[in-house]
Amino acid sequence: NACVREVHRFWEEGKEEKMTQLLFCDLSTPKTDGNFNVYTDVREKLIAKGVPPAEIAFIHDANTETKKKELFAKVRSGTVRILMGSTFKMGAGMNVQDKIIASHDLDCPWRPRDLEQRRGRSIRQGNQNDKVSILRYVTEGTFD
């Protein structure tokens, strides 16, 4: 819920310029079977706050190279403003940094290089923003 509040705040603040955000989550994957998953929960809460569904995407839905290229172009243009995915799917090789204003870590991967990969999707040459916020969410007593 803290992440949803922050994503919505950045979404609202960057509305005019169509700023984008990345949400990393390795804890679950999107499901359509009715069982709880973090992806759907975050998406539904953002939609309830007024974010248009078309502006939220899951990297998992881009299951071909063509679909990935189309999705990445939408993120670079600000058509898709919130992209959620795992470190594995949104790590190396994903160039969507043009308008990224914030990156959110919903969990902490075990390998330090994974955190660096996440950060490297936003803080890189080609981003129009001089400053990018990196937010990490933890539950008390669970973060090493």
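Alanine 57 stands opposite leucine 83 in β3, and that pairing is a handy way into the fold. The model is a predicted one, in which local features need pLDDT of at least 70 and side-chain atom pairs count only at pLDDT 80 or more, while totals for chains, interfaces and linings use all residues. Residues are numbered from 1 along each chain as its sequence is written, and side-chain values use heavy atoms, with hydrogens and water left out. Helices (H or I, at least four residues) and strands (E, at least two) are DSSP runs, numbered from the N terminus.

Five strands make up an open sheet, ordered β2-β3-β1-β4-β5, with parallel pairing. The edges belong to β2 and β5 (133-136), each with a single partner strand, so one side of each has no neighbour in the sheet. Averaged over the sheet and ignoring direction, neighbouring strands are turned by 15° against each other; axes here are lines fitted to C-alpha atoms, for helices over the stretch in contact, and angles run from 0 to 180 degrees between N-to-C directions. Two strands count as paired if DSSP finds at least two bridges between them. Three bridges link β2 to β3, and four link β1 to β3.

Buried means under 20% relative accessible area, exposed means over 50%, and partly exposed lies in between (1.4 Å probe, protein chains only). As a rule, side chains in a regular strand alternate between the two faces of the sheet.

Helix α2 (residues 38-48) comes next, with Tyr39, Val42 and Leu46 buried. These residues span an arc of only 75° around the axis, which puts them on the same side of α2; the arc is taken from the directions from the helix axis to the C-beta atoms. An α-helix has 3.6 residues a turn, so residues three or four places apart point the same way. Glu44 and Ala48, on the other side of α2, are exposed. The buried residues pack against α1 (2-13), β1 (20-24), β2 (56-58) and β3 (82-85), where contact means heavy atoms within 4.5 Å. The helix lies across β1, β2 and β3, and runs at about 170° to β2. Just after α2, glycine 50 has a positive phi of about 110°.

Asparagine 37 is buried, at a relative accessible area of 3%. Leaving aside residues up to four places away in sequence, asparagine 37 touches Ser28, Thr29, Pro30 and Lys31.

Another loop residue, serine 86, is found between β3 and α4 (87-90). Serine 86 is buried too, with a relative accessible area of 12%. With residues up to four places away in sequence left out, serine 86 touches Phe24, Cys25, Asp26, Tyr39, Ile59, His60 and Gly91. Lysine 15, in the loop between α1 and β1, counts as partly exposed at 39% relative accessibility. From C-alpha to C-alpha, lysine 15 and lysine 31 are 29 Å apart in space, and they are 16 residues apart in sequence.

A search of the whole structure turns up zero disulfides, a disulfide being a pair of cysteine sulfur atoms within 2.5 Å. For cysteine 3, the nearest cysteine sulfur is that of cysteine 25, 9.0 Å away. Cysteine 3 counts as buried at 6% relative accessibility, and cysteine 25 is buried with a relative accessible area of 0%.
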